[in-house]
Amino acid sequence: MPLKDNYCYRIRNSLYLNLTNRCSNNCDFCIQHYTDGLAGSRLVLSREPGLEDVIGSIQSHLSQVSEVVFCGFGEPTYRLALIIETCQWLCRNFAGKIRLNTNGLGNLIQGKRIIEPLSGLIDRINISLNATGPEEYEEICHPSFGEDSYPSILEFIKQAKAEISRVTISAVTASGVDMDRMEEIAEELGVGFVVR
Ligand code: SF4
């Protein structure tokens, strides 16, 4: 029997949406290298969902969570149109907060600025910066966009700060990156910092 696709999974009071397995990066620490799921849910997809699939999978959970997070096994901004449609539906059917966890490369992925369509729909955004400079980023995250990646993420963080009320950047302990320098970068950018 084929395994069921899971378009969402729950961790504590948050409901995470798994919209795609595609990603522009191949980070050394990516969870996809060593598991096929999280929180008891298999997140490898045989097919990317549409809006009806997402609504069908999340409806029964919404009364039990305080936050919906776009964050699955892949980079959510590949599904920008679906994120927007889902947010519009959530605005009518969910009273909690909405967060996007992204690698910050959505502008390059979509070939256009993505922050304006998201403005007013999401409450919070976390951008995985993961490195103190472009060379380190390429060494750790192996981005398909190469040297354009790190400057594009920094630019996206500034764009996000202008449009979204809560912006954080993050780095992963397992990457070995200098966390004190990461915190300084967050301060220089005027955003919060999260160690993951
Ligand atoms: S950006 Fe996220 S999903 Fe993509 S390879 Fe890195 S850790 Fe994995």
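**Exercise 1. The shell around the ligand**

Sort the residues of the shell around the ligand into nonpolar, polar and charged.

*Solution.* Keep in mind that this is a predicted model. Start with the members of the shell. Around the ligand stand Cys 23, Asn 25, Asn 26, Cys 27, Cys 30, Gln 32, Gly 74, Glu 75, Asn 103, Ser 128 and Cys 141. Next, apply the classes. Cys counts as nonpolar, Glu as charged, and Gly as polar.

**Exercise 2. The chain as a whole**

How many helices and strands does the chain have? Then compare its radius of gyration with that of a compact globule.

*Solution.* First, the elements. There are seven helices and nine strands. Second, the extent. The C-alpha trace spans about 45 × 40 × 30 Å along its principal axes. Third, the radius of gyration. For 196 residues, a compact globule would have a value near 16 Å; the chain has 16 Å, so the two agree. Of the 196 residues, 37% are buried. Last, the contacts. Take those between residues at least 6 apart in sequence: 77% of them join residues at least 24 apart.

**Exercise 3. Strand S6 and its partners**

Which strands pair with S6, and in which sense, parallel or antiparallel? Why can S6 be called largely enclosed?

*Solution.* Take S5 (residues 67-70) as one partner. Four bridges join S5 to S6, and the two run parallel. Within this pair, Val 68 faces Ile 98 of S6. The chain gets from S5 to S6 by way of helix H2 (residues 80-93), in a right-handed β-α-β crossover.

Now take S7 (residues 124-128). S6 and S7 also run parallel, joined by four bridges. Here Thr 102 stands opposite Ile 127 of S7.

Finally, count the burial. S6 covers residues 97-102, and five of its six residues are buried, so the rest of the structure largely encloses this strand.

**Exercise 4. Two other strand pairs**

Find the sense of pairing, parallel or antiparallel, for S8 with S9 and for S1 with S2.

*Solution.* Begin with S8 (residues 166-171) and S9 (residues 192-195). They pair in the parallel sense over four bridges. Thr 168 has Gly 192 in S9 as its bridge partner.

Move on to S1 (residues 8-11) and S2 (residues 14-17). This pair is antiparallel, again with four bridges. Tyr 9 sits opposite Tyr 16 in S2. The two strands form a hairpin with two residues between them. In the turn, Arg 12 has a positive phi of about 50 degrees.

**Exercise 5. Val 54 and Ser 66**

Place each residue in its element, then decide: is Val 54 buried or exposed, and is Ser 66 buried or exposed?

*Solution.* Val 54 lies in helix H1 (residues 51-58). It has 22 C-beta neighbours inside 10 Å, so Val 54 counts as buried. Setting aside neighbours within four places in sequence, Val 54 contacts Tyr 7, Leu 17, Pro 49, Leu 82 and Thr 86. Val 54 and Asn 18 are 36 residues apart in sequence, with their C-alpha atoms 8.9 Å apart.

Ser 66 lies in the loop between H1 and S5. It has 12 C-beta neighbours inside 10 Å, so Ser 66 counts as exposed. Beyond four places in sequence, Ser 66 touches Asn 13, Gly 96 and Lys 97. Ser 66 and Ile 83 are 17 residues apart along the chain, and 18 Å separates their C-alpha atoms.

Definitions and conventions
Residues numbered from 1 in each chain as written. Predicted model: local features only at pLDDT ≥ 70, side-chain atom pairs only at ≥ 80, totals over all residues. Near = placed C-beta within 6 Å. Buried ≥ 20, exposed ≤ 12 C-beta atoms within 10 Å, placed from the backbone. Pairing = 2+ DSSP bridges. Right-handed = clockwise from strand over helix to strand, strands pointing away. Rg over C-alpha atoms; globule rule 2.2 N^0.38 Å. Contact = placed C-beta atoms within 7 Å.
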